[in-house]
Amino acid sequence: MIALHRLTHPNQVVFLNCDLIQTIEATPDTVVSLTNSSKLIVIEKPWEVLGLIRGWRAGIIATALQSTAAQADALAEIVHLAGSRPEAVHE
């Protein structure tokens, strides 16, 4: 979610799910249209909203890559340990 500020209440933060944004227009105020036909007029400029969206999405990707890297490291350690143990004795 990204944090925006309504034009009518600039001191209050509105957290918006950026997956619901359909369009962002400057008319001259910034109008954010959502997929459910709702509209928000915010104090941020359109390119600022785009920057927030890019930052949010980049954060999701970075977190996923870190998680994937950690899982790959853990798997490599398991494979290494499994290869170094003596064979089990079968009776």
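This is a predicted model: local features need pLDDT of at least 70, side-chain atom pairs count only at pLDDT 80 or more; totals for chains, interfaces and linings use all residues.
## Overall layout

The chain contains one helix and five strands, and when these elements are read along the sequence they follow the pattern β-β-β-β-β-α. Of the 91 residues in the chain, 19% are buried. The chain exposes about 7000 Å², and carbon and sulfur atoms supply 60% of that area.

Among the contacts in the chain with a separation of 6 or more, 36% are between residues 24 or more positions apart.

## Strands and their pairing

Strands β1 and β2 run antiparallel and are joined by four bridges. Within this pairing, His5 has Val13 of β2 as its bridge partner, and Ala3 stands opposite Phe15 in β2.

In a regular strand the side chains alternate between the two faces of the sheet. Strand β1, which covers residues 2-5, has Ile2 and Leu4 on its covered face, while Ala3 and His5 lie on the uncovered one. In β2, the covered face carries Val14 and Leu16, whereas the uncovered face carries Val13 and Phe15.

Strands β3 and β4 also pair in the antiparallel sense, over five bridges, and a hairpin of three residues joins β3 to β4. One of the bridge pairs here consists of Thr23 and its partner Ser33 in β4.

In soluble globular proteins, nonpolar side chains tend to be buried together. The largest nonpolar core of this model has eleven residues, namely Ile2, Leu4, Leu16, Cys18, Ile21, Val32, Leu34, Leu40, Val42, Val49 and Ile53. At least two residues of this core come from each of β1, β4 (30-34), β5 (39-42) and α1.

Is Val42 buried or exposed? Val42 counts as buried because its relative accessibility is 3%, and the cut-off for a buried residue is under 20%. When neighbours within four places in sequence are left aside, Val42 is in contact with Leu4, His5, Arg6, Leu7, Thr30 and Val32. The C-alpha atoms of Val42 and Leu7 are separated by 4.8 Å, although these two residues are 35 residues apart along the chain.

## A nonpolar patch on the surface

Some nonpolar residues are found on the surface instead: Met1, Val13, Phe15, Trp56 and Ile60 form a nonpolar patch there, with about 520 Å² of accessible area together. Both β2 and α1 supply at least two residues of the nonpolar patch.

## The salt bridge

Side chains of opposite charge can pair when their charged atoms come close. How many salt bridges does a search of the whole structure find? The search finds one salt bridge, in which the side chains of Asp19 and Arg57 meet at 3.0 Å, taken from N to O. Arg57 is partly exposed, and its relative accessible area is 39%.

## Two local details of the backbone

Most residues other than glycine have a negative phi, and most peptide bonds are trans. A cis peptide bond, with omega of about -20°, joins Thr27 and Pro28, and Pro28 is found in the loop between β3 and β4.

Ser37 is not glycine, yet its phi has a positive value near 75°. Ser37 lies in the loop between β4 and β5, and Ser37 is exposed, with a relative accessible area of 67%.

Terms used:
Residues are numbered from 1 along each chain as its sequence is written. Side-chain values use heavy atoms; hydrogens and water are left out. A salt bridge is a side-chain nitrogen of Lys or Arg within 4 Å of a carboxyl oxygen of Asp or Glu. Buried means under 20% relative accessible area, exposed over 50%, partly exposed in between (1.4 Å probe, protein chains only). Two strands pair if DSSP finds at least two bridges between them. Patches are made of residues with over 30% relative accessible area and no salt bridge: like charges are joined within 9 Å, nonpolar side chains (Val, Leu, Ile, Met, Phe, Trp, Tyr) within 5 Å. Accessible areas come from the Shrake-Rupley method with a 1.4 Å probe; for residues, only the protein chains shown count as cover. A nonpolar core is a set of buried Ala, Val, Leu, Ile, Met, Phe, Trp, Tyr and Cys residues joined through side-chain atoms within 4.5 Å. Contact means heavy atoms within 4.5 Å.
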